[in-house]
Amino acid sequence: MKSIPNIGLQEVTAVYSGQEGDLWELLMGQQIHIGGFKSSMDLAERAGIGAGMRGVDLCCCNGAGMRFLVHFRNVASMTGVDATETVVNRGRQRCQEEGVENRIRFVLGDATNSGLPAGSADFVWGEDAWCYVTDKAQLIAEAARLVKRGGTIAFTDWVEGPAGLSDAEAQRFLTGMKFANVQNIPGYRQLLTDNGCSVVAADDTGRFPAHIDLYIDMIDKQLTFDALRIIGFNMEMLQMVAGEFAFIRELAHAGKVAQGRFIARRA
């Protein structure tokens with residue numbers, strides 16, 4: 001697992017409290033993960049998540065994943081945990097606007113130490129967000145603690161691809177993304193196994209290259225003004241952002257970063 005020092009929860013909450021978080025939502029929509037609705041539906045169907053279930057979304061951001069599950073998988077209730085007050089408040093407002101506030105609640109807190117009751121969830125959910133968590137071993141342990149016996153842990157995440165990152169590439173990628181580290185697919189598989197889970201799926205969705213191409217095209221061909229508005233019409237900053245996206249595109253097409261998909265059952 002590649003890692004760098006001096007990035008932690010404070011840096012991540014700063015991202016999603018400010019311009020950078022707004023820029024991500026502009027490009028990716030409220031579902032700030034690769035593949036949006038189709039990715040969510042794919043994960044839910046493969047994991048068998050459906051009507052009447054109770055779930056916990058760790059690193060839930062604005063709660064779009066929870067709202068998807070309530071609207072389209074008819075889950076009974078969701079509890080989301082996130083450390084950024086800005087997105088939690090935004091999520092509560094959006095739940096009210098969509099009329100699902102009685103089935104979704106937010107907890108402002110650390111996803112590695114949520115304080116929620118053990119064994120209280122039929123499933124634990126995450127979408128492209130656990131990459132921001134420094135202590136991934138503790139995060140997986142918390143997911144396993146929260147889910148009931150026989151329950152499901154289902155998540156996608158940005159991972160190091162099979163081609164691997166050089167030290168220089170990892171330094172630039174992690175610094176730009178505000179990741180303290182980046183796990184790989186075998187690493188997540190091992191963490192799940194170590195926490196008493198049987199791994200059903202641990203693979204590359206194959207979505208990353210085409211979607212990073214899409215985000216770059218959106219900045220260049222359609223949303224230039226909107227992106228500039230978010231960053232105070234600073235063209236130099238936009239060019240820097242575009243350069244970092246281009247770098248990530250190179251990594252994605254070279255198989256050095258990917259979107260991993262993981263489904264496991266607690267024994």
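Why is strand β9 largely enclosed by the rest of the structure? Of its 10 residues (257-266), 8 are buried, so the strand is largely enclosed. Buried here means under 20% relative accessible area, with over 50% called exposed and values in between partly exposed (1.4 Å probe, protein chains only).

## Basis of the report

The model is predicted: local features need pLDDT of at least 70 and side-chain atom pairs count only at pLDDT 80 or more, while totals for chains, interfaces and linings use all residues. Residues are numbered from 1 along each chain as its sequence is written, and side-chain values use heavy atoms, without hydrogens and water.

Helices (H or I, at least four residues) and strands (E, at least two) are DSSP runs, numbered from the N terminus.

## The neighbours of strand β9

Two strands count as paired if DSSP finds at least two bridges between them. Strand β6 (residues 147-160) runs antiparallel to β9 and is joined to it by 9 bridges. Within this pairing, phenylalanine 155 has phenylalanine 262 of β9 as its bridge partner.

Strand β8 (residues 197-204) also pairs with β9 in the antiparallel sense, over 7 bridges. Here serine 198 is bridged to arginine 265 of β9.

Rolling a probe the size of a water molecule over the atoms shows where empty space is left. On a 1 Å grid over the protein atoms alone, a pocket is an open set of points with protein on both sides within 12 Å along at least five of seven lines, whereas a cavity is a set where a 1.4 Å probe fits but cannot get out; lining residues have an atom within 4 Å of a point. Grid points are joined across faces, edges and corners, and a volume is the space filled by probe spheres set on the points.

The largest pocket holds about 580 Å³ of space. Its lining has 39 residues, and Val12, Cys59, Asp82, Ala129 and Tyr132 lie nearest the centre. Helix α1 gives the most to this lining, with 4 residues. The second largest pocket has a volume of about 400 Å³ and is lined by 19 residues. Its largest share, 7 residues, comes from α11.

## The enclosed cavity

There is 1 cavity of 30 Å³ or more, and the largest cavity has a volume of about 40 Å³. Its lining consists of Tyr16, Gly21, Asp22, Glu25, Ile32, Cys61, Asn62, Val87 and Arg90. Two or more of these residues come from each of α2 and α5 (85-98), and α2 gives the most, with 3 residues.
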